[in-house]
Amino acid sequence: MVSNLKDIRLVVLDMAGTTVADGGLVEQAFAAAARRLGADPGSMLDYVRATMGESKISVFRHLFGEETKAQEANKAFEEAYAELVDGGRVAALPGARETIEQLTSQGRTVVLTTGFARTTQDAILAALGWQGLVPLTLCPADAGGRGRPYPDMVLTAFLRTAAADDVRQIAVVGDTSYDMLSGVRAGAGLVAGVLTGAHDTDALRAAGATHVLGSVSELPGVLT
């Protein structure tokens, strides 16, 4: 952990479960995708829950074992999730927008990341009216395609924004163990889990969280 948290210059925030309310939408979209391929979603949901935060195509590759089916399932998932977004089912978590604005006013650069595809990420941002809220948003395809738990999106944010001189000046915040692993592997100075999403304190700590917060709204206070 960086010795002085005031030195944090770049904040990489996850979306669903961290700044955006999930409300079971990811699981609903996964179930719809599985049914479209004739699979039983009940046999897959434990794995889906355990790997929340991972690139969705990676999850489908594990579940279906062959690339064609994985791509078909991923397409079905993105379509199902887009329908939920279009139906007004997506909302910001309380205080999330204000937190991003406060971090920005503190002179920090904020980047939003996701395990969704670009089209879904853009649809969520549009539904929330968050286009232009941060200078950079990233999905796995923007960072080589691997997604979490790899550090690629965090390091891409570091390189593209040039907001920090050292990876220890990065804060990574998310609701899943894979968010924590991506921050640890990137060498981030602060890796914080939040309890508004998929995983609990024990899972977040086991994956390397230096802090566990009730919600992302607590972050500005931690950094001052």
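**Entry 1, the model.** I am working with a predicted model.

**Entry 2, the sheet.** I looked up the strand order and found an open sheet of six strands, E5-E4-E1-E6-E7-E8, with parallel pairing. At its edges stand strand E5 (136-138) and strand E8 (211-213), and each has a single partner strand, so one side of each is left without a neighbour in the sheet. I also noted that neighbouring strands of this sheet are turned against each other by 20° on average, direction ignored.

I then followed strand E1 (residues 10-14), which pairs with strand E4 (residues 109-113) in the parallel sense over five bridges. Within this pairing, valine 11 has valine 110 in E4 as its bridge partner. Across E1 and E4 lies helix H5 (residues 96-105), which runs at about 145° to E4.

I looked for ring pairs next, and the count comes to seven aromatic pairs. In one of them, phenylalanine 30 and phenylalanine 77, the ring centres are 4.7 Å apart and the planes stand at 45°, so I record the pair as tilted. This pair links distant parts of the chain, since phenylalanine 30 belongs to helix H1 (residues 25-36) and phenylalanine 77 to helix H4 (residues 67-86), 47 residues apart. Are these two residues buried or exposed? Phenylalanine 30 is buried, with a relative accessible area of 4%, and phenylalanine 77 also counts as buried, at 0% relative accessibility. I find both in one aromatic cluster formed by Phe30, Phe60, Phe64, Phe77, Tyr81 and Phe116.

Last, I noted that the charged end of arginine 146 sits over the ring of tyrosine 150, at 3.9 Å from the ring's centre.

Note on methods. Residues numbered from 1 in each chain as written. Predicted model: local features only at pLDDT ≥ 70, side-chain atom pairs only at ≥ 80, totals over all residues. Heavy atoms only, no water. Phe/Tyr/Trp six-rings, centres within 6.5 Å; stacked < 30°, edge-to-face > 60°. Helix = DSSP H or I, 4+ residues; strand = E, 2+ residues; numbered from the N terminus. Buried < 20%, exposed > 50% of the residue type's maximum accessible area, 1.4 Å probe, protein only. Lys NZ or Arg CZ within 6 Å of the ring centre and 35° of its normal. Pairing = 2+ DSSP bridges. Axes fitted to C-alpha atoms, helices over the stretch in contact; angles between N-to-C directions. Contact = heavy atoms within 4.5 Å.
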